[in-house]
Amino acid sequence: MLRVAELAGERNRFCVGEIYDSNYWPISEMTCFPEAARGKFLPSHYDYWVGSFSKLNTKA
């Protein structure tokens, strides 16, 4: 599994992947989040623009 992770991360510095102990298909998905999804967009109006695509459920 370590070798699979090394190969998957060679070109993708910011990816999180689900790796399984399987000989058939060891990776199910990879999600890329630069700066652990905490980075800021510059200029700042892009931060609001990208955030406008998310719909949050505010009802508790």
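These questions and answers go through a predicted model of one protein.

Q: What is the mean pLDDT of the protein?
A: The model is predicted, with a confidence value for each residue. In this protein, 93% of the residues reach 70 or more. The mean pLDDT is 77.

Q: Which element has the highest mean pLDDT, and which the lowest?
A: Helix 2 covers residues 45-51 and has the highest mean, 86. Where pLDDT is low, the predicted coordinates should not be read in detail. The lowest mean among the elements is 74, and it belongs to strand 2.

Q: What pattern does the protein follow along the sequence?
A: The protein has 2 helices and 2 strands. Strand 1 spans 15-19 and strand 2 spans 27-32. Read along the sequence, the pattern is α-β-β-α.

Q: Is the protein compact or spread out, judged by the radius of gyration?
A: For 60 residues the globule rule gives 10 Å. The radius of gyration is 16 Å, well over that value, so the protein is more spread out than a compact globule. Along the principal axes, the C-alpha trace spans about 45 × 30 × 15 Å.

Q: What share of the 60 residues is buried?
A: Buried means under 20% relative accessible area. The protein exposes about 6100 Å², and carbon and sulfur atoms supply 56% of that area. Buried residues make up 2%.

Q: Where is Leu56, and is it buried or exposed?
A: Leu56 sits in the segment after helix 2. The relative accessible area of Leu56 is 74%. The cut-off for exposed is over 50%. Leu56 is therefore exposed.

Q: How far apart are the C-alpha atoms of Phe33 and Phe14?
A: Phe33 lies in the loop between strand 2 and helix 2. Phe33 counts as partly exposed because its relative accessibility is 42%, between the cut-offs of 20% and 50%. Phe14 is 19 residues away in sequence, yet the C-alpha distance is 5.5 Å.

Q: What separates the C-alpha atoms of Ser22 and Met1?
A: Ser22 is in the loop between strand 1 and strand 2. With a relative accessible area of 30%, Ser22 is partly exposed. Ser22 and Met1 are 21 residues apart along the chain, and their C-alpha atoms are separated by 8.9 Å.

Q: What is the geometry of the aromatic pair Trp49 and Phe53?
A: The structure holds 1 aromatic pair. Trp49 and Phe53 form it, with 5.1 Å centre to centre and 85 degrees between the planes. Both residues are exposed. An angle over 60 degrees counts as edge-to-face, and this pair is edge-to-face.

Q: Which residues does the cis peptide bond join?
A: Pro43 is found in the loop between strand 2 and helix 2. Omega at the cis bond is about -5 degrees. The bond joins Leu42 and Pro43.

How values were computed. Residues are numbered from 1 along each chain as its sequence is written. This is a predicted model: local features need pLDDT of at least 70, side-chain atom pairs count only at pLDDT 80 or more; totals for chains, interfaces and linings use all residues. Side-chain values use heavy atoms; hydrogens and water are left out. Helices (H or I, at least four residues) and strands (E, at least two) are DSSP runs, numbered from the N terminus. Buried means under 20% relative accessible area, exposed over 50%, partly exposed in between (1.4 Å probe, protein chains only). pLDDT is the predictor's confidence in each residue, from 0 to 100. Rings of Phe, Tyr and Trp (its six-membered ring) pair if their centres lie within 6.5 Å; planes under 30 degrees apart count as stacked, over 60 as edge-to-face and the rest as tilted. The radius of gyration is taken over C-alpha atoms; the globule rule is 2.2 Å times the number of residues to the power 0.38. Accessible areas come from the Shrake-Rupley method with a 1.4 Å probe; for residues, only the protein chains shown count as cover.
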